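Subject: Structure for your review

Dear colleague,

Please find below the sequence and structure that I am handing over to you. My findings follow directly after them.

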Amino acid sequence: MRGVNWRAVKWVLFLLIVSSHERPAIAQTDEWRGLTQALENLARAPSGKKLVESAKKNLKAAALEKIFQPDEVSHTVSQVKRQFNLRTGKATEERETRIHLKRDLSPTELLFDIAHELTHATFKPNWDPYDPNLTLGGYLWIELEGPGGEIDAVVSECLVAIELKSEGQRNPRCQGYLVETDSHLKVDRAKIREDLYRSGDAYSEVLARLGDERARFPLLSSRSPILQSATMGSPYPVALLRTYDELTKTACTHSKRRLEARNLASEADETSAKTQEFLKRRCSSQD
Ligand SMILES: [Zn+2]
């Protein structure tokens, strides 16, 4: 985590910081060459081409390779920097997205991981960790069902798998999700959706934490997980629950500090009122 000078007039609040290690220079490596080839292969699938184009546009990255970096597991990190001006109380936001790709993937695995992660990266995160009204259920819903969420990402990989089937590209992850309709292969979105809610042993914990919000998730089940979150190594519902707890903890700590810094300036503003509301609603169990 980067250092923050809380007493400075202008300071930066990192809404989401998953990692801050330096991006290695990969331009000259085999990883880089593999990446360029994978992006070219992806663009041969019509849906893959669309993904690459919208990623370039939405992420304002003319050379898409710049947003990738090697890592232990493939995942997408979206960092929102919010700058507060303590004098005016005004906040400005800046978003940076990085796609981390697992090292040593085969060319085919790399291709499908890129399709998956580009789907996440292309959409803006449509939740705000500082939203006083954000709930676990709301977060879970957006991350699984929302645009660029987990369902969309798995559907994307499987669609690319269908489109590049004639080129011999096979995605074992999609084996159970391709159905033949009128002699055409289609992605079985309903089955992907159902499988993403399989929670195994964590089922009762997820239900208990959701409380009344469990009614929004009729597909949650204790069936053995098939699709697992790579970053957490656990079924998606429980992985998201842990991530929600982490981001809430971070947001609570930052909000408390922010309010202290604001109080030092002895001024009140709209943002402080929102921070107070956030602390009251979301941070009671964080004291
Ligand atoms: Zn994903």
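Buried residues account for 31% of the 287 residues in the protein. Please bear in mind that this is a predicted model. The protein contains nine helices and eight strands. Of the contacts in the protein with a separation of 6 or more, 67% are between residues 24 or more positions apart.

Helix H2 runs over residues 46–58 and has 13 residues. From its first C-alpha to its last, H2 reaches 18 Å, close to the 18 Å expected at 1.5 Å a residue. Gly-48, Leu-51 and Ala-55 are buried in H2. These residues lie on the same side of H2, because they cover an arc of only 55 degrees around the axis. As a general rule, an α-helix has 3.6 residues a turn, so residues three or four places apart point the same way. The face of H2 turned away from the buried side carries the exposed residues Pro-46 and Lys-57. After H2 comes Lys-60, whose phi is positive, near 50 degrees.

How are the axes of H2 and H5 arranged where they cross? The axes of H2 and helix H5 (residues 150–163) come within 7 Å and cross at roughly 135 degrees. The two helices are therefore oblique to each other. On the H2 side, the contact is made by Pro-46, Ser-47, Gly-48 and Leu-51, and on the H5 side by Ser-156, Leu-159, Val-160 and Glu-163. Four residues of this contact are nonpolar, three are polar and one is charged.

Helix H3 (residues 107–122) has 16 residues. H3 reaches 22 Å from its first C-alpha to its last, close to the 22 Å expected at 1.5 Å a residue. Is H3 mostly covered or mostly exposed? H3 is mostly covered, with 13 of its 16 residues buried.

Thr-119 is found in H3. Thr-119 counts as buried because 27 other C-beta atoms lie within 10 Å. Leaving aside neighbours within four places in sequence, Thr-119 is in contact with Leu-51, Gly-148, Asp-152, Ala-153 and Ser-156. One of these residues, Leu-51, is also among the buried residues of H2, and Leu-51 and Ser-156 both take part in the contact of H2 with H5. Thr-119 and Asp-152 are 33 residues apart along the chain, and their C-alpha atoms are separated by 7.0 Å.

Two residues with positive phi

In general, most residues other than glycine have a negative phi. Asp-104 has a positive phi of about 60 degrees although it is not a glycine. Asp-104 lies in the loop between strand E4 (91–102) and H3. Why does Asp-104 count as exposed? Asp-104 does so because it has 9 C-beta neighbours inside 10 Å, and a residue is exposed if that number is 12 or fewer.

Asp-182 has a positive phi of about 50 degrees, and it is not a glycine either. Asp-182 is placed in the loop between strand E5 (178–181) and strand E6 (184–187). Asp-182 counts as exposed because it has 5 C-beta neighbours inside 10 Å.

Helix H6

In helix H6 (residues 189–196), Ile-192, Asp-195 and Leu-196 are buried. These residues are on the same side of H6, because they cover an arc of only 100 degrees around the axis.

Ser-255 has its place in helix H8 (residues 236–264). Ser-255 is buried, because 23 other C-beta atoms lie within 10 Å. Which residues does Ser-255 touch, not counting residues up to four places away in sequence? Ser-255 touches Tyr-130, Thr-275, Phe-278, Leu-279 and Cys-283. Ser-255 and Tyr-130 are 125 residues apart in sequence and 8.3 Å apart in space, C-alpha to C-alpha.

Glu-213 lies in the loop between helix H7 (203–210) and strand E7 (228–229). Glu-213 is partly exposed, because 15 other C-beta atoms lie within 10 Å. Not counting residues up to four places away in sequence, Glu-213 touches Thr-135, Leu-136 and Gly-137. Glu-213 and Gly-138 are 75 residues apart in sequence, and 8.5 Å separate them in space, C-alpha to C-alpha.

Yours sincerely,
A colleague

Methods. Residues numbered from 1 in each chain as written. Predicted model: local features only at pLDDT ≥ 70, side-chain atom pairs only at ≥ 80, totals over all residues. Helix = DSSP H or I, 4+ residues; strand = E, 2+ residues; numbered from the N terminus. Expected span 1.5 Å × (residues − 1). Buried ≥ 20, exposed ≤ 12 C-beta atoms within 10 Å, placed from the backbone. Arc of directions from axis to C-beta. Axes fitted to C-alpha atoms, helices over the stretch in contact; angles between N-to-C directions. Parallel < 35°, antiparallel > 145°, perpendicular 65-115°, else oblique. Contact = placed C-beta atoms within 7 Å. Nonpolar A, V, L, I, M, F, W, Y, C, P; charged D, E, K, R; others polar.
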